Amino acid sequence: MKESTRMLVPEEEKCIGCRACTSACPEKLITFSEEGNMRSISFPANCGTGCELCELCELCALACPENAISFIFPEGESENVEKQTLDFELVSCQKCGTPFATIRELEKVRTAISEKVPLPPKGDFWVELCPGCRQEVFRERQAEALIRERTV
Amino acid sequence: MEEKNPQPTICPYCSLGCGFYLKLEAGKAAGIRYMPEHPVNEGSLCPKGNTVLEVLNHPDRLKYPLKKTETGWERIEWEEALDLAAAKLKGSLEEYGPDSLAFLGSAKCSNEENYIFQKIARLLGTNNVDNCARLCHASTLTGLGKTLGTGAMTNPISDLACSECIFVIGSNFAENHPAVSRRVLEAKEKGAFVIVADPRMTPTSWLADLSLRLVPGTDVALLNGMMHVIVSEGLVDREFARERTKGFAELENVLQRYDPETVSRITGIPSAEIIKAARAYARAGTAAIVYSMGITQHISGTDNVTACADLALICGHIGKKGAGILPLRGQNNVQGACDMGALSEFFPGYGKVGDPEAAGRMQALWGAKKLPESPGLTATEIVGAAGKGKIKTLYVMGEDLVNSHPDSSRVKQALENLDFLVVQDIFMNDTAEYADLVLPAASFAEKEGSFTSTERRVQWLEPALMPPGEARADLEILFRLAEKLGLDFPYRDAGEVLEEISAAVPAYGGIAKERLKKDFGLIWPCPDAGHTGTPVLHTDSFMTPDGLARLVPVEHRSPAETPGPDYPFLLTTGRTVLHYNAGSMSRRCKSLLKREAELYVEIHPADARTMEIREGNKLVLESRRGSTKATARLTERVSPGVLFLPFHFPGTNVLTADALDREAKIPEFKVSACRIRRG
Amino acid sequence: MPKAVYADLSRCIACHACELACERENENSRISLQVVRDLAAVPVSCRQCETPLCAVVCPGEALNYGDSGLEYDSEKCTGCRLCVLACPFGTAELRAGVMERCDLCQGKETPACVATCPAGALFCAEAESIGGNIRARRAERIKKALASPASAGRRVNR
């Protein structure tokens with residue numbers, strides 16, 4: 001029996017659902033899935049007896065932009081914790097309708113950017129477009145004049 | 001092998017002859033460095049050129065001679081392979097005579113290789129030797145031959161930058177010869193007027209000041225219509241027509257019938273645009289005509305080319321910097337393969353087979369007792385004759401005729417009908433699958449030799465790498481084959497073959513290996529060792545016996561097959577920027593394939609709507625020859641009623657017909673009748 | 001001002017050479033060309049913004065910007081994708097879990113996409129005034145073009 005009984009605890013209030021932890025985990029123990037306009041991130045269950053796979057490397061915690069992952073030592077006999085899943089609502093692209101980011105991710109981006117550059121009002125803003133559509137819009141704008149010229 | 005790293009080399013794809021460097025690491029091609037000092041591409045490279053490493057290092061490269069057995073391919077030794085090839089050639093020769101043999105040379109192989117290839121054929125007693133120029137620019141040889149005296153590009157590509165008007169007809173150079181674009185754009189910056197005539201709207205049309213979308217197969221009508229306007233508005237260069245040409249009166253006579261309204265009805269181009277194009281071309285101080293397979297690949301291919309020449313001649317737009325006719329050839333050495341006589345009707349240097357004097361010259365040079373006197377079969381005729389059992393043994397050097405010839409099913413039947421088929425190539429291809437013997441060849445970067453680009457620039461290519469496995473340079477294979485056939489060839493290497501070429505081909509008289517290695521080669525004609533080459537042809541006289549160009553009137557003819565109730569669509573074929581010809585190289589490049597993975601068909605959105613076809617639908621296309629599947633691409637690049645298929649994927653040429661131009665014997669790839677349904 | 005790859009769209013022929021050159025040099029193409037309405041082609045790559053929003057949102061200090069422009073240390077990238085969501089042009093991408101960006105082929109005199117462009121449509125220049133850049137470049141080219149050996153001259157009085 002392993003001595004370590006540390007447990008991984010994601011904090012729902014802090015987590016923005018960005019999936020940095022899923023890419024960071026060397027054992028792929030943190031997973032995500034998307035269905036409709038929901039994204040779910042699943043953190044490993046803690047068996048309470050020390051996990052064989054998760055060596056508690058803490059890479060997930062280091063990767064997390066929101067410091068939302070911590071490790072705790074439960075007092076006394078460790079109890080079994082079921083697989084922990086957090087659900088996030090996704091924002092759909094204003095142009096193509098594809099869900100592409102969580103509400104919290106976009107809020108984070110919006111806040112960070114607004115500290116540096118003035119943002120246009122909501123509803124007419126590239127943040128509400130998925131990256132593919134942003135590129136397409138940029139392309140179309142760039143090509144507009146030339147296409148007019150070539151249509152004549 | 002000379003140790004240079006990076007090693008200068010020449011692109012193996014199209015005919016422009018672009019230069020670049022191969023970066024080598026541990027004997028492998030590991031990178032590309034651009035060559036800004038090269039006079040043609042100035043350091044640029046198209047997408048295919050950028051991916052040649054994927055071809056060179058491809059695991060599919062043929063590495064050993066392979067013999068077909070009942071259980072499949074068996075690896076054999078070179079000695080056995082060449083003994084077998086020689087025995088089969090000699091066997092057919094003895095049993096059925098020399099004309100039971102046929103040889104298909106390669107526009108992807110060097111001048112030296114093609115020269116030796118045709119020499120072997122002719123010394124074995126047959127003129128059944130040809131190359132794939134038959135499929136792309138045979139009509140350039142016939143059309144420009146009879147008007148200007150020689151079927152070659154008159155000016156270098158860089159000259160386009162000095163043209164005041166560039167008339168592009170049947171060429172989508174932006175996709176197929178991308179580096180030409182930089183010259184056209186340079187001319188535009190100086191104020192040149194660019195006219196693009198093409199049934200499709202292509203990236204080349206984007207560069208046009210005037211875009212003429214003609215009905216496929218109506219090029220003669222358009223050209224005659226423009227000439228009609230030029231004559232009736234007094235824009236003819238009378239002095240030039242009088243002093244340097246013959247036949248103006250006859251031409252003028254025929255042109256009378258091609259008034260703009262009549263031509264508009266045939267071509268679908270508004271008459272005002274025909275007039276505008278005619279005026280712009282004729283009034284320019286210097287004007288160039290750029291054409292390609294949209295002109296040549298028709299049953300009227302020779303006539304189309306002839307009409308281009310007539311147009312240039314009556315305006316005096318030839319023989320000057322910036323003024324000329326620029327047929328953009330297809331492959332890296334299609335010009336050279338023709339110059340070398342890998343053609344059934346020409347000896348090296350275009351001496352006509354059947355002309356005793358031309359034959360006498362070759363006989364003397366080769367120390368041959370007698371050379372075959374009648375013209376051989378062309379590439380397309382060889383397939384026909386094989387189908388009828390008249391050709392017993394076929395030797396193919398570097399071509400995939402199953403995918404490059406029209407009517408693939410018929411080609412396959414013909415190949416099955418052969419007693420023996422040898423295919424020498426760098427990859428296994430659909431033609432090699434029918435072979436009895438497959439010989440692994442070296443790629444461009446693994447051998448030395450000279451290559452002649454579309455602008456007649458002869459460049460020397462030095463080896464950068466060793467061929468994979470036991471693959472050998474085509475020239476080395478041919479030397480050893482010749483020896484097995486009992487032919488006494490004295491050459492040790494390509495340089496020595498080039499010495500004989502300079503004696504055989506007058507235009508190459510002053511071309512030698514050491515000279516080619518300097519300053520990006522020489523532009524032929526270069527008749528002697530002191531000559532520095534001839535970038536512009538026909539400056540003082542034409543290459544006809546009397547030095548005068550011939551104005552030859554031609555008439556519009558309908559294509560061999562036109563859409564009707566059973567086959568309502570007009571199918572035209574062509575190339576795309578991301579792939580190349582039959583695809584044996586480009587379809588092996590992952591980076592190209594992921595951008596263009598499969599056969600697609602361009603269909604106008606209005607037609608698609610009527611037939612309830614959506615973007616990406618799988619369609620079945622049927623012609624009188626067969627059927628093929630392709631993915632629908634809805635686009636206004638094609639007009640309603642017209643379908644376009646690129647020919648880089650197997651399937652396209654299942655549909656095309658082998659209707660031939662009667663002079664050039666080039667097939668009409670550009671027009672067939674077709675129908676479609678959802679697959 | 002940071003330099004970036006710009007396109008003179010009137011010259012672009014949609015050949016994709018830029019993408020394939022980039023892909024050969026960098027394994028993945030960091031420039032992407034698409035044709036708009038069959039009438040124009042637009043290659044798009046990192047705009048090398050003066051205030052790079054990708055760096056503004058980067059929590060892991062992988063993307064940093066200062067006087068010497070944008071610097072990127074892929075070792076520090078955690079793969080959080082915030083840069084992808086912050087890029088107004090949609091050019092930031094994650095490959096193999098980390099952000100990948102155009103570094104203008106650092107170490108080379110000219111970025112591969114620019115050097116390979118058969119039509120001379122791409123160029124690498126300071127962002128200051130894109131329009132001004134294109135005009136200045138065109139003027140320069142025209143000057144050069146006109147200085148090249150003269151054509152036969154316009155025909156008169158025939």
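How many residues does the contact take from chain C and from chain B? In this predicted model, the contact takes 31 residues from chain C and 42 residues from chain B, two residues being in contact if their C-beta atoms, placed from the backbone, lie within 7 Å. Local features need pLDDT of at least 70 and side-chain atom pairs count only at pLDDT 80 or more, whereas totals for chains, interfaces and linings use all residues. Residues are numbered from 1 along each chain as its sequence is written, while chains are lettered from A and ligands numbered from 1 in the order in which they are written.

On the side of chain C that touches chain B, the elements that give two or more residues are helix H1 (17–26), helix H4 (112–116) and helix H5 (130–147) of chain C; helices (H or I, at least four residues) and strands (E, at least two) are DSSP runs, numbered from the N terminus. By class, this side of chain C has 16 nonpolar, 6 polar and 9 charged residues, where Ala, Val, Leu, Ile, Met, Phe, Trp, Tyr, Cys and Pro count as nonpolar, Asp, Glu, Lys and Arg as charged, and the others, Gly among them, as polar.

The contact between chain C and chain A takes 29 residues from chain C and 30 residues from chain A. Two or more residues each are given to the side of chain C that touches chain A by strand E2 (31–36), strand E3 (40–45), helix H2 (53–57) and helix H3 (82–86) of chain C, and H3(C) gives the most, with 4 residues. The residues of this side of chain C divide into 18 nonpolar, 9 polar and 2 charged.

Chain A has 4 helices and 6 strands, which follow the pattern β-α-β-β-α-β-β-β-α-α along the sequence. Of its 152 residues, 30% count as buried, a residue being buried if 20 or more other C-beta atoms lie within 10 Å of its own, exposed if 12 or fewer, and partly exposed in between, with C-beta atoms placed from the backbone.

In chain B there are 27 helices and 26 strands. The radius of gyration of chain B, taken over C-alpha atoms, is 24 Å, close to the 26 Å that the globule rule gives for 679 residues, so chain B is as compact as a globular protein of that length; the rule is 2.2 Å times the number of residues to the power 0.38. Buried residues make up 63% of the 679 residues in chain B.

Within chain B, an open sheet of 3 strands has the order E1-E2-E3, with antiparallel pairing, two strands being paired if DSSP finds at least two bridges between them. Strand E1 (7–10) and strand E3 (28–34) of chain B stand at the edges, each with a single partner strand, so one side of each is left without a neighbour in the sheet. Strand E2 (residues 19–25) of chain B pairs with E3(B) in the antiparallel sense over 6 bridges, and Tyr21(B) has Arg33(B) as its bridge partner in E3(B).

Strand E8 (residues 165–169) of chain B is largely enclosed by the rest of the structure, because 5 of its 5 residues are buried. Cys165(B), Phe167(B) and Ile169(B) lie on one side of E8(B), and Ile166(B) and Val168(B) on the other. E8(B) pairs in the parallel sense over 5 bridges with strand E9 (residues 193–197) of chain B, where Val196(B) is the bridge partner of Val168(B). A parallel pairing over 5 bridges also joins E8(B) to strand E12 (residues 287–291) of chain B, in which Ile289(B) is the bridge partner of Phe167(B).
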